[in-house]
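Dear colleague,

After it I have set out what was found, grouped by topic.

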Amino acid sequence: MATEIPRTTASLPKSHLRATLEHDGFVILPSFIPPETLEALRAAAARTTALARSGAWPYIRTLPKQFPPWPADPSAGIWGVQHLLHPDLPDHLLFASSYFSAPLLAVVAELIGGGCTEDELVMELYNLLVRPDEDFELRWHRDDVPADAGPEEEMERLGRPAWHAQWNLPLYEDESLIVVPGSQRRARTEEERAAGPYERGLEGEIKVKLGAGDVVFYDNNILHRGAYDKGRERMTLHGSVGCVRGGKGRARNVLQHGVGEWVGRCDFGALEEEVKVRAEGMLERLVELGKVSGDVGFFSKEE
């Protein structure tokens, strides 16, 4: 059974954050957002979830499907809401304020590394993971490595620069994420290869325990899965930001979620000036990346 991990301290220097991410595959910053921001985001998330469950918002993650594309019909239940930055979503500007915030993006730039600067950051994905209508689990996986990859292919893919940062920020306590620390630096063991897709008790696995307002940044190629309880409230912001140096490889991960269908209509003009300038720059870089990337298929296939 997965064990819980202690929460790290928020006072760690950024260079230590980067080192921790590279070594462990994840790093936690407790109490990352202030209480007033937490309350505002909870209210917006509740309204957004209600829209999704009612069928009024078609961009959802539906049960029991793990990978995109997902149907727009919520009748079988949902476990996530897509596209928090979509211009048609009533609360998109509030979500945008959190996504494009200076404190968040300062950490993002540090964790991407490689000299990536704020002027190279690219708008990517911002979604909401919610309480499922039925208990639901995600299989063990790495986001950018096929499950049938052999050790050599695994190591080749794991050796590529990530050029992005990914995070979960829960608005309520959340311990849904299960990881094998350090697994992003190596090929799977024989035990891991032989394990079932929902195997419990893999050697070294831990449960990431987060308080409301904490944030965990994690390497999306760490061996990980999720376990979601229908009886426990869940509203967790799930986002990623890229760097222009990621090129077509990052575009593939982002555009497979349908962002290209609406990104050209985004208007962040009502945000505070500093946030607006930052948002418009990141949006422009995504649009340019999309233009040069061509057609992008779905990476994962539902089994």
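How many residues apart in helix H8 are Arg 278 and Glu 274, and by about how much of a helical turn are Arg 278 and Glu 274 separated? Before the answer, please keep in mind that this is a predicted model. Arg 278 and Glu 274 are four residues apart in helix H8 (residues 273-293), a separation of about one helical turn. Their side chains meet in a salt bridge, with 2.8 Å from N to O.

Within it, the side chains of Glu 175 and Lys 207 meet in a salt bridge at 3.5 Å, N to O. Glu 175 lies in the loop between strand S7 (164-170) and strand S8 (177-179), while Lys 207 belongs to strand S9 (residues 206-207), so this pair ties together parts that are 32 residues apart in sequence. Glu 175 counts as buried, its relative accessibility being 18%.

A further salt bridge is formed by the side chains of Arg 157 and Glu 153, at 3.1 Å from N to O. Both residues lie in helix H5 (residues 151-158), where they are four residues apart, about one turn of the helix; Glu 153 is partly exposed, with a relative accessible area of 34%. The count of salt bridges comes to 24.

As for cysteines, the structure holds zero disulfides. Cys 116 is buried, with a relative accessible area of 8%, and Cys 266 is buried as well, with a relative accessible area of 13%.

The axes of H3 and of helix H2 (residues 35-54) come within 10 Å and cross at roughly 135 degrees, and that makes H2 oblique to H3. The crossing in which H2 passes H3 is left-handed.

In strand S5 (residues 121-130) one finds Met 123, which is buried with a relative accessible area of 0%. The C-alpha atoms of Met 123 and His 83 are separated by 12 Å, and the two residues are 40 residues apart along the chain.

The peptide bond from Leu 63 to Pro 64 is cis, with omega near -5 degrees, and Pro 64 is found in the loop between strand S3 (60-62) and strand S4 (78-81). A cis peptide bond also joins Pro 68 and Pro 69, with omega at about 0 degrees, and Pro 69 too has its place in the loop between S3 and S4.

Ser 31, although not a glycine, has a positive phi of about 45 degrees; it lies in the loop between strand S2 (26-29) and H2 and is exposed, with a relative accessible area of 56%. Trp 163, likewise not a glycine, has a positive phi of about 55 degrees. Trp 163 lies in the loop between H5 and S7 and counts as buried at 19% relative accessibility.

Definitions and conventions:
Residues numbered from 1 in each chain as written. Predicted model: local features only at pLDDT ≥ 70, side-chain atom pairs only at ≥ 80, totals over all residues. Heavy atoms only, no water. Salt bridge = Lys/Arg side-chain N within 4 Å of Asp/Glu carboxyl O. Helix = DSSP H or I, 4+ residues; strand = E, 2+ residues; numbered from the N terminus. Buried < 20%, exposed > 50% of the residue type's maximum accessible area, 1.4 Å probe, protein only. Disulfide = S-S within 2.5 Å. Axes fitted to C-alpha atoms, helices over the stretch in contact; angles between N-to-C directions. Parallel < 35°, antiparallel > 145°, perpendicular 65-115°, else oblique. Left-handed = near helix turned anticlockwise from the far one by under 90°.
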